[in-house]
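The sequence and structure are shown first.

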Amino acid sequence: MRSVTTVIIGAGQAGLAMSQALSRRSIDHLILEKGSVGNAWRKERWDSLRLLTPNWANGLPGAPYRGADPDGFMPVSQFAGQLDAYAEAIHAPIRCNTAVRRVTAAAAGYRVETDCGALSCKSAVLATRACARPRVPPVAAAVPRRVHQITPSTYKRSDDLLQGRVLVVGASASGVQLAREIQSSGRPVTLAVGQHLRMPRRYRGRDIERWLDLIGVMDQRYDMVEDLSRARRAPSPQLIGSARPVDLNALQEAGVEVVGRLADIRDGRALFSGGLGAHTASADLKLARLLDGIDAWAIDRGVEAELPPPDRPEPPRLPASPRLWLELSEIDTVLWATGYTPDFSWLDLPVFDARGQLRHDGGVVAAPGVYALGLPLMRRRRSHQISGVGSDARDLANHLTQHLDAARAA
């Protein structure tokens with residue numbers, strides 16, 4: 001059985017960033033990837049998807065974006081190609097097409113079982129993405145068999161869908177993007193809207209990501225956040241990799257029907273809550289606080305006069321009486337855009353809480369020498385973003401080095 005100091009599980013941006021950090025510290029390691037480099041970007045995204053962050057924000061450690069379109073939004077296929085080039089440039093030791101089946105404790109560290117054999121290691125890094133598995137609610141079991149059910153991970157293009165009405169459940173980033181794309185294909189769309197986070201693509205002449213950087217939101221540390229558990233479950237903002245708006249007003253102008261949160265499926269009907277107004281009001285309140293913070297930052301630094309005037313989005317123009325139910329006989333497809341969850345089903349260690357969530361402190365997992373990368377608000381608010389993996393990898397590589405030094409000294 002081969003022995004290696006550190007095994008990194010996953011060859012996306014997080015796994016590659018950790019590889020670069022460990023190489024700089026001369027730590028022997030191996031990356032295991034079930035498919036190819038950047039596998040999820042290639043296999044589990046729809047064809048038209050572009051990154052939600054501008055190109056300037058998508059550099060990797062030692063490889064900032066140097067292209068001619070820093071404010072553009074690259075297709076995910078192009079980003080997957082960048083990961084390939086980055087892996088080659090840093091000489092990342094990768095074993096592709098190797099699926100991890102089980103990780104267990106061993107005498108000197110951990111045993112990693114794969115479909116290509118077993119390895120032993122002193123430390124392990126879990127870099128398998130926060131969005132590894134779509135979260136589909138139990139109510140999906142009540143959908144009739146004739147109705148096609150999909151998730152953003154299985155959807156590729158609107159031409160693959162039946163011609164009838166599509167019910168999109170969830171109004172975060174994936175839900176609003178796909179609702180617009182499917183509606184534009186000529187298929188009527190009903191969008192069930194629950195809790196969501198509204199955010200403009202641009203404000204006062206700058207991309208919202210630039211503002212979040214400037215005012216320090218994305219670098220806020222996890223140990224400075226009130227109600228961290230709730231913050232980590234926050235929905236992704238209603239953004240798209242384009243300058244075009246994709247809020248509820250824009251969707252309704254495109255013909256999308258907006259209803260309240262999907263509450264139940266019963267007696268052949270999809271039942272919607274009457275709380276659409278409350279959910280949009282809550283999202284607008286959070287939006288106003290964010291934009292107030294940007295305006296205050298500009299005033300405090302004496303640059304407000306240099307900026308365009310505030311251009312706040314209009315409040316949602318909701319239907320006077322949103323429908324409260326829809327016959328499932330009118331629906332051909334349900335698209336569950338209801339979020340994602342990590343998949344650590346192969347991790348056979350006592351590191352999960354009562355809710356099945358991985359127990360970690362800023363990515364330091366509750367098992368000696370085990371670390372996680374790329375999870376929401378893991379060490380900073382940007383931890384789940386491409387721009388966040390570099391600083392997190394450096395921090396955790398330092399901790400990992402100290403762990404190995406302590407183990408050698410013991």
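Which residue forms a salt bridge with Asp295?

## Asp295 and Arg204

In this predicted model, Arg204 is the partner of Asp295, with the closest N and O atoms 3.0 Å apart. Asp295 belongs to helix α8 (residues 276-300), while Arg204 lies in the loop between β11 and β12 (206-207); the two are 91 residues apart, and the pair links distant parts of the chain.

Asp295 has a relative accessibility of 12% and counts as buried. Arg204 is also buried, at 3%. Both residues belong to a network of salt bridges that also includes Asp292, Glu304 and Arg312.

## Asp247 and Arg198

A salt bridge joins the side chains of Asp247 and Arg198, at 2.9 Å from N to O.

## Arg42 and Asp84

Arg42 pairs with Asp84 in a salt bridge whose closest N and O atoms are 2.4 Å apart. This pair links helix α2 (residues 39-43), which holds Arg42, to helix α3 (residues 76-89), which holds Asp84; the partners are 42 residues apart.

Here Arg42 is partly exposed, at 33% relative accessibility. Asp84 is partly exposed too, with a relative accessible area of 35%.

## Total

The count for the model comes to 30 salt bridges.

Notes. Residues numbered from 1 in each chain as written. Predicted model: local features only at pLDDT ≥ 70, side-chain atom pairs only at ≥ 80, totals over all residues. Heavy atoms only, no water. Salt bridge = Lys/Arg side-chain N within 4 Å of Asp/Glu carboxyl O. Helix = DSSP H or I, 4+ residues; strand = E, 2+ residues; numbered from the N terminus. Buried < 20%, exposed > 50% of the residue type's maximum accessible area, 1.4 Å probe, protein only.
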